[in-house]
Amino acid sequence: MDAREYLNRKGVGSERDPDRPNTLEEKAWERARGSGHQRPKSGTPHDWEDWERHHDDLAEGAETLEQKIDKEAHRLAQEREAQAAKEPAPGAVEHFTPPPKTTPAASSKTASVSQAEPVTPEPSALKFAYYALAICLPPLAVGLTQGGQKRVIIALVLTLAGWLPSVVYAVWWLQRR
């Protein structure tokens, strides 16, 4: 079975498209005609010559091009931007920082302990996640629950000494806090 017969069986039209080359010679001629309009292929023995020719074609007439920048308009635009930056826009929302609250009770240390911020209870799913993390990676669980640098180092040393002591320490810390 030849190629045309195979293509006919597969449903590919056997009609010759006159716009597209079909034979090897036609394809070679088409490639030769179109090579001036494409980037050269690399890997040929003389690809550097093709690339030089391609760049020369691209740069043809580049020295005759003129800059089309209106320098006066550019300067005026920069002046307007600088002026707009100096003057706040009317009706613009500005940043507001509330003043710090100062109470006589907050100044003394004993009063600050008695007026601690109300602690919001943690969700049970978060507690469960901390306990699971205490079993898997005890130093990380201690660190994420604001154990401090000293407690994290203790948990890390206990983990290096043995896994079980660090788990006990992390669970103890989670229950204590």
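1. A nonpolar surface patch comes first. M1, Y6, L7 and V12 make a patch of about 410 Å². Patches take residues with over 30% relative accessible area and no salt bridge; like charges are joined within 9 Å, nonpolar side chains (Val, Leu, Ile, Met, Phe, Trp, Tyr) within 5 Å. Accessible areas come from the Shrake-Rupley method with a 1.4 Å probe, and for residues only the protein chains shown count as cover. M1 sits in the segment before α1 (3–9). M1 is exposed, at a relative accessible area of 63%. Here buried means under 20% relative accessible area, exposed means over 50%, and partly exposed is in between (1.4 Å probe, protein chains only).

2. A word on the basis. This is a predicted model, in which local features need pLDDT of at least 70 and side-chain atom pairs count only at pLDDT 80 or more, while totals for chains, interfaces and linings use all residues. Residues are numbered from 1 along each chain as its sequence is written, and side-chain values use heavy atoms, with hydrogens and water left out.

3. Now the overall layout. The chain has ten helices and zero strands. From the N terminus, its elements run α-α-α-α-α-α-α-α-α-α. Helices (H or I, at least four residues) and strands (E, at least two) are DSSP runs, numbered from the N terminus.

4. How much of the chain is buried? Of its 177 residues, 12% are buried. The chain exposes about 16,000 Å². Carbon and sulfur atoms supply 59% of that area. Among contacts with a separation of 6 or more, 34% come from residues 24 or more positions apart. Contact means heavy atoms within 4.5 Å.

5. Next, the charged pairs. Side chains of opposite charge can pair when their charged atoms come close. A salt bridge puts a side-chain nitrogen of Lys or Arg within 4 Å of a carboxyl oxygen of Asp or Glu. The structure holds three salt bridges.

6. Which residues form a network of salt bridges? E72, R75 and E79 are linked in one. R75 pairs with E72, with the closest N and O atoms 2.2 Å apart. R75 also meets E79, at 2.4 Å from N to O. R75 is partly exposed at 36%. E72 is partly exposed at 41% relative accessibility, and E79 is partly exposed at 41%.

7. One more bridge joins E122 and R177. Their closest N and O atoms are 2.8 Å apart. This pair links distant parts of the chain, 55 residues apart. E122 lies in the loop between α6 (109–114) and α7 (124–136), and R177 in the segment after α10. E122 is partly exposed, at 26% relative accessibility. R177 is partly exposed as well, with a relative accessible area of 41%.

8. Then the aromatic rings. Rings of Phe, Tyr and Trp (its six-membered ring) pair if their centres lie within 6.5 Å; planes under 30 degrees apart count as stacked, over 60 as edge-to-face and the rest as tilted. By this rule there is one aromatic pair. The ring centres of Y169 and W172 are 5.6 Å apart and their planes are at 35°, so the pair is tilted. Y169 and W172 are three residues apart in helix α10 (residues 163–176), which means about one helical turn lies between them. Y169 is buried, at 14% relative accessible area. W172 is partly exposed, at 43%.

9. Is S166 buried or exposed? S166, in helix α10, is buried, at 0% relative accessibility. Its side chain joins that of T159 in a polar contact of 3.2 Å. A polar contact is a pair of N or O atoms within 3.5 Å; within protein, one must be able to donate a hydrogen and the other to accept it, and residues adjacent in sequence count only if both atoms are side-chain atoms. Leaving aside neighbours within four places in sequence, S166 is in contact with P138, A155, L158 and T159.

10. Last, L156. L156 is found in helix α9 (residues 148–161). L156 is partly exposed, with a relative accessible area of 44%. L156 and P138 are 18 residues apart in sequence. In space they are 7.7 Å apart, C-alpha to C-alpha.
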